[in-house]
Amino acid sequence: MEAKLSEASKRAAPSAIQQLSHLAQRVGAVNLAEGFPDFPAPAHVKAAAAAAIAADLNQYRHVQGICDVLAATMKRDHGLDVDPLTDFAICCGQSEAFAAAAFAVIDPGDEVLLFDPAYETYQTCIELARGIPVYVPLDPPSWTLDADKFLKSFASRTKAVVLNSPHNPTGKVFSMEELLIISQACQQMDCFAITDEVYEYITYDENKHISLASLPGMQERTIITSSLSKTYSVTGWRIGWACAAASIAAAIRNIHVKLTDSAPAPFQEAALIALTSTPDYYESLKKDYAERRDLILQLLKNYGFHISFKPQGSVFVFAELPKSWQISDIDFVTNLINNAGVAAVPGRGFFHIDVDDQSYHHRYVRFAFCKSDETLKAAAQKMMKPVKSNGKVSHETESFCVSEK
């Protein structure tokens, strides 16, 4: 019966990142591949979830208080006036919020612009909606937006632009100048913007997250998606949301209800507590992550990497292999797992288009630093062992690393 599977299912390749995590678990490697924290979630948030379960809040549920708090946060952080009763859809994580948004706005044959490199989930959601992903390359090493390339990517069937900032995998925070280019193009071409803002509270140095929806003329056409996962270290709880104009949010809610009915009830109750955390929580979050970023950057420098772009946000370093290392991203990651016992992600899985100089597509490796100090120090100790290329790639590793291309 395999031949009767849908074309969409055949295009949906296994997640290279999850398979690397599973391999790391099987061989006992330190997992710097997948972007989940391995340290405890905040105690007050866990206590709220436990209390909700103990109170038998375990059935289908919509916690309106989440929308109320999010509306106040949107006003405080971005100057956005949103109606908590009509402008939100609470979903099973940002992933479902993004998928529901894609199904709400994309018709067969519609084109959707994405910035390359890009996180793997977006393309699958667009294709399941029978849309066509169109990738716009960001220019290394600082992953800058080329306005001319971006504007030339629009066509008569362009329906939406996807913006992830802070950005996975590069750690880039889009500048105000770049956001203005995107916003002006969206308005001129009369298309939607769908944003992924899950790293909104994790920025470094003088970099600040600016929501695209806050720019003039953009709130009515922007769908903001975000979640509890990264800010509160609860990636397995699956609480996310979409925020949009009432008619758009209603369409997303209707699709969400048909897909999953409701987000997990006790974790919605815990979300209400998490979202009302005091300002010092967010200050501590940024400080702790800045220290982890600096620790892994020093680790990579000691190992021999030349860091040409220091992450401005998110929990990833997208490190370029030195030109003197005659090794590809896949070979490097394979040797790192087998010889040093540390897992990372080959960069090529995040690239989707042909460019004049494709060589750099095989020269980047993503490291996640949303890990405990003990994990990062263990990785540092293991990586000090010499890792030399033997020119061989195991069939198991090769199969998942190239599956996304």
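**Close-up 1. A salt bridge joins Arg11 and Glu127.** In this predicted model, the side chains of Arg11 and Glu127 form a salt bridge (a side-chain nitrogen of Lys or Arg within 4 Å of a carboxyl oxygen of Asp or Glu), and their closest N and O atoms are 3.7 Å apart. The pair links distant parts of the chain, with Arg11 in helix H1 (residues 7–11) and Glu127 in helix H6 (residues 121–128), 116 residues apart; helices are DSSP runs of H or I with at least four residues, strands are runs of E with at least two, and both are numbered from the N terminus. Arg11 is partly exposed at a relative accessible area of 45%, whereas Glu127 is buried at 18%. Here buried means under 20% relative accessible area, exposed over 50% and partly exposed in between, with a 1.4 Å probe and protein chains only. Residues are numbered from 1 along each chain as its sequence is written, and side-chain values use heavy atoms, leaving out hydrogens and water. Local features need pLDDT of at least 70 and side-chain atom pairs count only at pLDDT 80 or more, while totals for chains, interfaces and linings use all residues.

**Close-up 2. Arg157 and Asp110 meet in a salt bridge.** The N to O distance between these two side chains is 2.9 Å. Arg157 lies in the loop between helix H7 (147–152) and strand S5 (158–164), and Asp110 in the loop between helix H5 (93–105) and strand S3 (111–116), so the contact ties together parts that are 47 residues apart in sequence. Through salt bridges that share partners, Asp107, Asp110, Arg157 and Lys159 are joined into one network.

**Close-up 3. Asp81 and Lys75 form a salt bridge.** The closest N and O atoms of Asp81 and Lys75 are 3.0 Å apart. Asp81 counts as exposed, at 56% relative accessibility, and Lys75 as partly exposed, with a relative accessible area of 43%. The salt-bridge count comes to 18.

**Close-up 4. Asp38, Asp288, Asp373 and Glu374 gather in a surface patch of negative charge.** Such a patch is made of residues with over 30% relative accessible area and no salt bridge, with like charges joined within 9 Å; Asp and Glu count as negative, and the place of a charge is taken as CG of Asp or CD of Glu.

Definitions and conventions:
Patches are made of residues with over 30% relative accessible area and no salt bridge: like charges are joined within 9 Å, nonpolar side chains (Val, Leu, Ile, Met, Phe, Trp, Tyr) within 5 Å. Accessible areas come from the Shrake-Rupley method with a 1.4 Å probe; for residues, only the protein chains shown count as cover.
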